[in-house]
2 protein chains.
Amino acid sequence: MSRYTSMEHNKFLLQEVHRANEIFSLPRYAHLTWEEVWMMIEAAKLLADRDMAPYFKEMDAQPAHYDGNGGVKTHTQLKTIIQQAAENGWIGGGASFEHGGMQLPMVIYNTAQHIFMAANNSCQGYFSLSAGAAALITSFGTAEQINTFVPNIFAGKWQGTMALTEPQAGSSLTDITTSAKATADGFYTITGQKIFISGGQHEACDNFIHLTLARIEGAPAGVKGISLFIIPKFWPEQDGTLTPNDVFCAGDFQKMGQRGYCTTHLVFGDKANCKGWLVGEPHKGLAYMFQMMNEARISVGLDAASVAMAAYQASLQYTNERPQGRLASEKDPLKPATLIINHPDVQRMLLTQKAIAEGALSLVMECNRLSDLVHGSEGETKKNSLLLLELLTPIVKTYSAEQGSRSAALAIQTLGGYGFTMDFPVQQHYRDLKIMSLYEGTTGIQSIDLLGRKVIMEKGKALLLLQEEINHTITEANTSTDLKKYAHQLEIEVARIQQVLTHLGVFTQGNIDRYLADASVFMEQMSYVVIAWQWLKQAVIAQHNLEAGNFKNQSPSFYEGKVLTMKFFFRYELTHAAACAETLLDEEFLTNVSNKKMFD
Amino acid sequence: MSRYTSMEHNKFLLQEVHRANEIFSLPRYAHLTWEEVWMMIEAAKLLADRDMAPYFKEMDAQPAHYDGNGGVKTHTQLKTIIQQAAENGWIGGGASFEHGGMQLPMVIYNTAQHIFMAANNSCQGYFSLSAGAAALITSFGTAEQINTFVPNIFAGKWQGTMALTEPQAGSSLTDITTSAKATADGFYTITGQKIFISGGQHEACDNFIHLTLARIEGAPAGVKGISLFIIPKFWPEQDGTLTPNDVFCAGDFQKMGQRGYCTTHLVFGDKANCKGWLVGEPHKGLAYMFQMMNEARISVGLDAASVAMAAYQASLQYTNERPQGRLASEKDPLKPATLIINHPDVQRMLLTQKAIAEGALSLVMECNRLSDLVHGSEGETKKNSLLLLELLTPIVKTYSAEQGSRSAALAIQTLGGYGFTMDFPVQQHYRDLKIMSLYEGTTGIQSIDLLGRKVIMEKGKALLLLQEEINHTITEANTSTDLKKYAHQLEIEVARIQQVLTHLGVFTQGNIDRYLADASVFMEQMSYVVIAWQWLKQAVIAQHNLEAGNFKNQSPSFYEGKVLTMKFFFRYELTHAAACAETLLDEEFLTNVSNKKMFD
């Protein structure tokens with residue numbers, strides 16, 4: 001079995017960096033102990049080793065595909081995978097006991113999901129989507145809706161999906177036209193089309209529960225007139241039988257990557273007979289959906305970081321096994337070739353991957369921890385955790401997706417020509433990863449969300465909370481002589497973000513078209529700083545253990561590797577934050593070209 | 001027919017930026033006029049439109065593949081493509097009249113190749129490889145070798161290949177073991193295996209001429225004992241008949257991209273009956289091969305830039321046709337959606353692509369021009385042109401490959417979810433492009449070549465020549481008020497390169513393992529500066545025409561677009577050169593990790 005994740009890193013993040021034990025002290029999670037939880041994680045790893053990883057390549061080579069008549073063929077192993085995930089609690093694991101879940105905190109639940117994603121990212125989406133759909137129903141649905149749908153979803157029998165995008169609207173939810181008309185029996189008749197529906201229909205589940213955005217007739221224009229509906233493919237009758245609903249899968253999208261994960265085109269009400277069930281109140285659908293959307297964004301960030309981790313592990317293994325060439329200083333051609341890993345440029349590529357994948361994973365865990373504090377605490381802690389989580393969500397999604405792609409490109413590069421062949425997994429990781437910058441809002445949309453909404457909400461309070469967190473890490477780093485230099489560098493970069501925000505005038509009604517034009521550059525700058533914070537946080541702990549000779553959790557080399565990777569990140573990656581700032585501090589508005597011929 | 005190149009940009013580069021007319025004033029190219037040459041380029045475009053572009057997708061969907069018994073199946077159109085390219089002179093076009101060529105300068109020949117590559121990069125390699133192989137034979141072969149092989153290669157009947165890589169050696173040519181033993185009749189018996197042989201065997205040609213590196217028995221160890229051989233699949237007898245030679249295609253490599261372009265595994269002398277013909281003198285094979293290799297590196301740079309251009313054109317077209325969303329300042333959801341191209345973030349993505357693709361193409365043309373000066377002039381001009389060309393070769397290859405990939409990723413991003421589907425070409429461009437950073441020496445190898453060899457050769461003379469060229473452009477830019485700011489920025493970046501080189505001690509016997517560790521970062525810094533120079537060069541001409549009201553060659557918007565893209569490059573891309581310098585100026589040597597467990 002090839003290595004696709006670092007269990008040491010997973011343990012380090014949970015146990016030392018993001019302190020799962022503190023989460024277990026919250027009443028909601030008080031039933032858990034570290035030992036028990038780590039056994040669950042190790043069991044998840046065995047499950048992934050046995051049922052998921054071996055099918056990574058096959059699910060790509062034999063992609064999910066439309067059968068021409070409403071059905072979608074998927075890999076035969078998929079049913080086993082979903083069943084096993086369900087049986088082991090990895091669909092409903094995060095839900096409350098009252099809803100049949102294991103009431104696991106996100107730090108634990110998503111560590112298992114990370115392992116599944118790294119093992120085979122084409123299969124994990126099926127249960128992650130189901131989990132999100134169920135969470136949406138338990139949050140906003142009626143008891144009847146919960147009882148009808150959630151147990152079957154948690155059992156892996158029914159697949160949950162999210163249906164937002166329409167052919168004519170793309171990313172612009174304002175423009176969706178799927179319509180809903182109230183019926184006499186308290187339901188709605190739905191008419192419309194949705195595209196890019198992940199897991200939208202396939203052979204491995206018996207029913208599909210489409211959480212769908214639509215407009216009730218007469219609703220206000222724009223996003224304020226959108227409602228949320230449950231539209232099952234088969235309608236569950238009172239007596240437990242299933243009646244076909246008028247939901248037709250009209251085709252699928254063949255993709256460059258994640259080919260085992262089907263993406264479909266759904267038609268509701270082609271025969272004027274599609275029934276939907278309103279969730280919560282009318283016209284509040286988008287706000288509800290954003291619970292699922294925000295979780296999905298973090299999940300995509302996790303997925304991207306996980307695939308980057310798998311690619312890193314594959315390239316690390318290759319360079320440790322194959323000898324090639326000699327160091328530049330070695331001029332004797334008769335000396336035996338050295339292992340590829342000994343070449344400094346290869347170490348640079350490996351450290352870049354490690355810095356990106358492990359740094360992104362640490363930020364995901366930071367978000368999971370915040371999510372656990374939101375769900376498990378009250379008052380200021382709850383409120384502040386939510387604010388900080390909202391700020392970090394577009395960042396974790398975008399950094400992992402964009403830099404994860406770069407990381408996977410380096411994995412290919414590390415293998416040389418072989419990396420480009422179908423004989424090695426890294427090219428698949430590279431292809432799979434590219435969708436992460438598109439899922440659940442493109443990089444452009446995440447960046448506009450960050451700069452146009454998250455940074456300015458509550459007069460910049462979330463940003464202040466982030467700065468407090470970063471300052472806390474800086475203070476800790478300053479207690480160690482070896483880390484002071486890096487603490488100082490991070491301080492400078494935090495100040496530079498303030499300088500940029502002041503320049504752009506985001507808090508003072510600047511020209512919004514103008515400053516949002518460079519939102520993606522700001523996202524890049526901010527991401528470097530946030531990941532640098534995560535690295536300094538890891539290095540503080542590692543350095544402390546090294547200085548104290550405390551190796552009960554990890555080996556000295558493990559901690560040395562963390563300090564080294566932090567230094568590497570600060571020197572090779574964080575340096576580019578200043579370059580982004582320089583771009584942002586320029587006065588000229590270059591991207592408002594009205595004469596399209598200038599692009600020719 | 002979708003647009004895949006900008007004929008305006010091609011014309012601008014040839015006519016105004018790289019001044020083809022000056023090349024035509026050299027005796028070797030004096031038979032050419034601008035009008036005649038531009039007609040040839042337009043004919044090449046028609047050929048690409050008719051015979052190549054329509055098969056771009058099909059050649060990916062029905063990839064070249066091994067038939068299990070020595071043969072490789074290719075797309076049925078491939079024979080037509082090669083035949084048509086041959087008939088129109090696009091295989092032998094660059095060769096001298098005496099060898100049956102059109103004696104075209106590289107600026108012209110490679111403009112046509114750019115069009116073919118942008119139209120369908122899976123087919124162009126077949127004739128580009130043949131052209132390179134023929135050029136190698138005409139440069140170093142005997143009259144008999146030339147007469148035997150070159151006319152058939154130029155006619156598109158025989159395929160030329162380059163066979164360097166071996167399974168056990170990878171990029172390390174020092175370690176190749178394919179052996180050659182002299183026979184009584186003046187030939188050699190060859191035994192060995194070669195992998196990653198592009199065009200190594202297929203259905204569209206009758207014979208394959210493998211230019212192969214091997215060691216003559218008893219040769220010195222290392223690269224000083226490598227000789228060059230012609231090994232045809234079928235041996236041409238004196239009477240014109242063909243006898244099978246012991247060359248067996250043992251398999252192929254299925255790839256993530258460029259799937260129409262076969263990549264094979266060849267076995268020479270499995271039945272101890274493979275005959276080869278020595279080219280030139282023994283043990284000088286690597287030096288000879290480097291003629292082909294250097295041309296191939298520029299050709300890969302061109303290929304990468306061309307695919308990036310095709311992806312840019314596809315995304316430009318999409319954003320010009322599809323409305324989606326509204327500007328951030330527009331709060332009324334009832335207003336009609338705006339074209340995607342009107343969103344500032346989309347313009348940023350388009351301008352990034354334009355800056356990369358057109359900037360890289362301009363640098364390729366700079367290299368072609370230098371190559372023409374090497375072949376068409378004498379004395380200092382010839383010598384200096386060669387030096388500068390050698391310096392720029394690893395840069396043009398690497399910048400185009402690395403940034404081209406980033407550019408194609410932005411093309412996907414511009415299309416949103418559709419960009420990831422097989423229904424649109426941009427995902428294929430993205431997959432195809434990734435091989436460019438591996439072909440003919442990976443990015444790591446190119447970077448080591450740049451910093452470890454090219455920068456220091458003749459005590460840094462090539463770098464001095466480059467600085468003179470850049471200074472010339474800076475002086476010209478300083479004559480225009482609007483360009484002064486950018487001229488100054490480039491001056492600062494040029495000085496920063498000197499600062500880095502001094503710090504690394506490359507001219508003063510610094511620690512070679514140490515400074516080559518960061519060669520890829522230096523490559524990145526240097527590339528930004530060199531492409532900035534190409535953009536300033538283009539902007540100087542565009543600005544001059546705008547100020548003089550001279551629009552006989554191009555429209556005002558075209559020139560405005562050039563000036564805008566230059567500004568964009570300087571502000572969004574060149575800013576990262578300083579970040580690379582900061583990395584390079586650090587003292588610590590992080591990438592010499594001897595304890596491999598630190599990567600875990």
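Colleague: What share of the contacts in chain A with a separation of 6 or more comes from residues 24 or more positions apart?

Modeller: In this predicted model, such residues account for 76% of those contacts. A pair counts as a contact when the C-beta atoms lie within 7 Å.

Colleague: Why is chain A called as compact as a globular protein of its length?

Modeller: The globule rule gives 25 Å for 600 residues, and the radius of gyration of chain A is 24 Å, close to that value, so the description applies. The C-alpha trace spans about 80 × 60 × 55 Å along its principal axes, and 61% of the 600 residues are buried.

Colleague: Why is strand β5 of chain A said to be largely enclosed by the rest of the structure?

Modeller: A residue is buried if 20 or more other C-beta atoms lie within 10 Å of its own. Eight of the eleven residues of β5(A), residues 188-198, are buried, so the strand is largely enclosed.

Colleague: How do you know that β4(A) and β5(A) pair?

Modeller: Pairing takes at least two bridges, and four join β4(A), residues 179-182, to β5(A), antiparallel. A:K181 has A:T189 as its bridge partner in β5(A). The two strands form a hairpin with five residues between them, and A:G186 in the turn has a positive phi of about 90°.

Colleague: What makes β11(A) and β12(A) partners of β5(A)?

Modeller: The cut-off is again at least two bridges. Five antiparallel bridges join β5(A) to β11(A), residues 263-268, with A:V267 as the partner of A:Q193. Two bridges, also antiparallel, link β5(A) with β12(A), residues 275-279, where A:G276 is the partner of A:Y188. Both therefore meet the definition of a pair.

Terms used
Residues are numbered from 1 along each chain as its sequence is written. Chains are lettered from A and ligands numbered from 1 in the order in which they are written. This is a predicted model: local features need pLDDT of at least 70, side-chain atom pairs count only at pLDDT 80 or more; totals for chains, interfaces and linings use all residues. A residue is buried if 20 or more other C-beta atoms lie within 10 Å of its own, exposed if 12 or fewer, and partly exposed in between; C-beta atoms are placed from the backbone. The radius of gyration is taken over C-alpha atoms; the globule rule is 2.2 Å times the number of residues to the power 0.38. Two residues are in contact if their C-beta atoms, placed from the backbone, lie within 7 Å.
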